[in-house]
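Dear colleague,

My notes on what was found in it follow.

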Amino acid sequence: MEFTLLGSVLVAAGSLYAGLWLMGRRDPAICVRDLWDLALAGAIAGLVAGRLVAMVKGGVNPLTHPTDFILLRAGVDTVGATIGALAAVTFLQRHRLPGLLDQLAAAALVGMGGWHAGCLVRGTCLGTPSDLPWTWAVEGSSISRHPVEIYAALAFWSAAYFVFRWRNKPWLAASLGLAVAGLIRLVVFPLQVSLHSGVVWWYLSAAAVGLMVASYTARPLSEWRNW
């Protein structure tokens, strides 16, 4: 069993709950337990969807090889996982949208930051080579590299604070969360060494859709008609 991967998941879950707890302290109207249950349901659905997509992409038939599903280390498609998580959250709370999505957006960013910070458990923090003073090298190597996963973690945590401030305007926090997640991925992508360029279009789409929805919801409809 891949215990370092499990440790990284625990860091992400702990960060998510910490974000929800802090949000609950700042805003008593937020029900931490409801959001935590919703976040877990979305995470599980995303994991299932992402693993199934990864199996199909890898040429493995989930129907004829069901036991391969538990080999999470073999790959979880991040795009499939994201779509699966969003679909599950939307379906489960379709009668209470957009309020819960806006409240969950900031905590989700904190959780994503925790996942990236979990690189410290997995030993996978480093990206492309650099001579900057804060870079470091893996043991046995003389080449220092960007701690790109730490960059991403700090960026997601900072973005969470910004998004949290817009939680009370319908769809604004959720759309901003989607946009900044895509933008952060775009910024750190050139410094990573393991991703393929095909995901860039997904990051661009997330940023573009999020910004368009945020721009629309941030201004009253009457202003857009008179613009």
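Helices here are DSSP runs of H or I of at least four residues, numbered from the N terminus. Please note that the model is predicted.

I begin with Met112, which lies in helix H4. Its relative accessible area is 26%, so Met112 is classed as partly exposed, a term that covers values between the limits of 20% and 50%. Setting aside neighbours within four places in sequence, Met112 makes contact with Phe156, Ala181 and Arg185. Between the C-alpha atoms of Met112 and Val193, 81 residues apart along the chain, the separation is 19 Å.

The largest nonpolar core comprises 33 residues, and those with the most contacts inside it are Leu20, Met23, Leu35, Leu104, Leu109, Phe156 and Val163. At least two residues of this core come from each of helices H1 (3-26), H2 (32-57), H4 (99-117), H6 (148-164) and H7 (172-188). Met23 also touches Ile30, Gln103, Ala106, Ala107 and Phe164, with residues up to four places away in sequence not counted.

The volume of the second largest pocket is about 220 Å³.

With kind regards

Technical notes: Residues are numbered from 1 along each chain as its sequence is written. This is a predicted model: local features need pLDDT of at least 70, side-chain atom pairs count only at pLDDT 80 or more; totals for chains, interfaces and linings use all residues. Side-chain values use heavy atoms; hydrogens and water are left out. A nonpolar core is a set of buried Ala, Val, Leu, Ile, Met, Phe, Trp, Tyr and Cys residues joined through side-chain atoms within 4.5 Å. Buried means under 20% relative accessible area, exposed over 50%, partly exposed in between (1.4 Å probe, protein chains only). Contact means heavy atoms within 4.5 Å. On a 1 Å grid over the protein atoms alone, a cavity is a set of points where a 1.4 Å probe fits but cannot get out, and a pocket is an open set with protein on both sides within 12 Å along at least five of seven lines; lining residues have an atom within 4 Å of a point. Grid points are joined across faces, edges and corners, and a volume is the space filled by probe spheres set on the points.
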